[in-house]
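Student: I have a structure open and want to learn how to read it. Can we take it one feature at a time?

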There are 2 protein chains.
Amino acid sequence: MSTSSNSPYHHGNLRQALLEAALVILEQQGEAGLGLRDLARAVGVSPAAPYRHFDSRAALLEALAVTGFQRFAARMEAVAASQPDDPMAAMGKTYVVFALQNANLFRLMFSPQLKKDSRPGLRMAADAAFDTLRHLVGGDLDKSRIRALAAWAKVHGLAVLLLDGQIAIRSGEDTEALVEEIISSL
Amino acid sequence: MSTSSNSPYHHGNLRQALLEAALVILEQQGEAGLGLRDLARAVGVSPAAPYRHFDSRAALLEALAVTGFQRFAARMEAVAASQPDDPMAAMGKTYVVFALQNANLFRLMFSPQLKKDSRPGLRMAADAAFDTLRHLVGGDLDKSRIRALAAWAKVHGLAVLLLDGQIAIRSGEDTEALVEEIISSL
């Protein structure tokens, strides 16, 4: 496997370049705007080149979701490592802000169409992100699972309600300040 | 306006019959299976008859979402009126169970495609459901808004994560028992 001779990318670099370009297209145009041919054009390689890295559009979407969970987990770990006064509140805000800043990626990560049960790589990336939360919650394994699920539900619900425009924001109200208020009340 | 002469429905009854039939189709086939013509067939009236009550498919979907919020609010009020030991936990469970039992209706009620800002009737029905929660939470208006939003986020998140198959249910685990455990830990 190698990239086409006139490609400016080394193998491996092209995969990363395709993912980066796809993330931009995903946020700008939504999932519907993402095709392997459009992506090839955006990156400046032959229409066939992306297929060396992604079998299908579904494989590309899965790889994007995996990337999303990895970045999400990394951001949560960085926040936890910064030892904030209230780790749960800090993680909660990080979760919601990530969702608002990467709305389409967040939707893709949690899309019911992208079933995690038949995609071990995606399941693993999602579980790794969840484990960051579980580790922060602490306690014995069974209890921490329930508490981590509860914490997850809270921040996921807030992210989804905001993304879906369900919470009536008052005129002049700052969304991020509202998020902080709701999270500290959670 | 009257129903066609060979219709078994009186005016008003037909609207209700259409909504009931649409709710059944929605749960069985999803939103994509819902057309005004299929609905006419299901109810046994002429293809034009549903248009006397719903201008368009979008108007039908909106009416279904309004009905959803009304039933949802009524169920929440009934639970509150039954004076459970832990009203917030009882309401939370009611919320999640409603979502699981009426998955497609719940998705429709919170669909970002059905913008509440341009649909006053839908906005009003959704706000009325939210007010039930706010009333239960109590406190002064500004505080109760934040606390009600927080309570809402928790149960909405749990409902969405379960509906979207994001929570890894262990083999043999009872979903409703898990919901209760998570809610009482919230």
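Tutor: Start where the chains meet. This is a predicted model, and between chain B and chain A it has 2 salt bridges.

Student: Which side chains meet in a salt bridge between E173(A) and its partner in chain B, and at what N to O distance?

Tutor: First the idea. Side chains of opposite charge can pair when their charged atoms come close. Here E173(A) pairs with R145(B), with 2.9 Å from N to O.

Student: What classes of residue make up the side of chain B that touches chain A?

Tutor: That side has 17 nonpolar, 11 charged and 6 polar residues.

Student: Now the extent of the interface. How many residues does the contact take from each chain?

Tutor: Chain A gives 34 residues and chain B gives 34 residues. For area, read what the two chains bury between them: about 2,800 Å², with 61% of it on carbon and sulfur atoms. In chain B, the residues that lose the most area to chain A are R145(B), I146(B) and Q166(B). Together they make up 22% of what that side buries. R145(B) is also the partner of E173(A) in the salt bridge.

Student: Let me turn to one chain. How many helices and strands does chain A have?

Tutor: Chain A has 8 helices and 0 strands. Along the sequence its pattern reads α-α-α-α-α-α-α-α. Its C-alpha atoms fill a box of roughly 55 × 45 × 30 Å along the principal axes.

Student: Into which domains is chain A divided?

Tutor: Domain 1 covers 1-54 and domain 2 covers 57-185. Their centres, taken over C-alpha atoms, are 27 Å apart. The contact between them takes 16 residues from domain 1 of chain A and 13 residues from domain 2 of chain A.

Student: What area is buried between domain 1 and domain 2 of chain A?

Tutor: About 1,300 Å², of which carbon and sulfur atoms give 65%. On the side of domain 1 of chain A, L23(A), E27(A) and E31(A) lose the most area to domain 2 of chain A. Those three account for 39% of what that side buries.

Student: What polar links join domain 1 and domain 2 of chain A?

Tutor: Count the pairs, then look for charge. There are 7 residue pairs in polar contact, both residues at pLDDT 80 or more. The count of salt bridges between these domains is 1. R71(A) and E20(A) meet in a salt bridge at 2.6 Å, N to O.

Student: Which elements give two or more residues to the side of domain 1 of chain A that touches domain 2 of chain A?

Tutor: Helix 1 (13-29) and helix 2 (36-43) of chain A do. Helix 1 of chain A supplies the largest share, 8 residues. By class, that side of domain 1 of chain A divides into 9 nonpolar, 4 charged and 3 polar residues.

Student: Where does the record place a "DNA-binding region" in chain A?

Tutor: The UniProt annotation, from an unreviewed entry, covers residues 35-54 of chain A. In the model that span is 40% helix and 0% strand, and its end C-alpha atoms lie 11 Å apart.

Student: How many salt bridges are there over all chains?

Tutor: The count comes to 20. One of them joins D38(B) and R41(B), whose closest N and O atoms are 3.7 Å apart.

Student: Why are D38(B) and R41(B) separated by about one helical turn?

Tutor: Because they are 3 residues apart in helix 2 (residues 36-43) of chain B.

Technical notes. Residues are numbered from 1 along each chain as its sequence is written. Chains are lettered from A and ligands numbered from 1 in the order in which they are written. This is a predicted model: local features need pLDDT of at least 70, side-chain atom pairs count only at pLDDT 80 or more; totals for chains, interfaces and linings use all residues. Side-chain values use heavy atoms; hydrogens and water are left out. UniProt positions are given in the numbering used here, feature names are shortened, and annotations may be inferred rather than shown by experiment. Helices (H or I, at least four residues) and strands (E, at least two) are DSSP runs, numbered from the N terminus. Contact means heavy atoms within 4.5 Å. Buried area is the accessible area (1.4 Å probe) that two parts lose on being put together, summed over both. A salt bridge is a side-chain nitrogen of Lys or Arg within 4 Å of a carboxyl oxygen of Asp or Glu. Ala, Val, Leu, Ile, Met, Phe, Trp, Tyr, Cys and Pro count as nonpolar, Asp, Glu, Lys and Arg as charged, and the others, Gly among them, as polar. Domain bounds come from an automatic or database domain assignment. A polar contact is a pair of N or O atoms within 3.5 Å; within protein, one must be able to donate a hydrogen and the other to accept it, and residues adjacent in sequence count only if both atoms are side-chain atoms.
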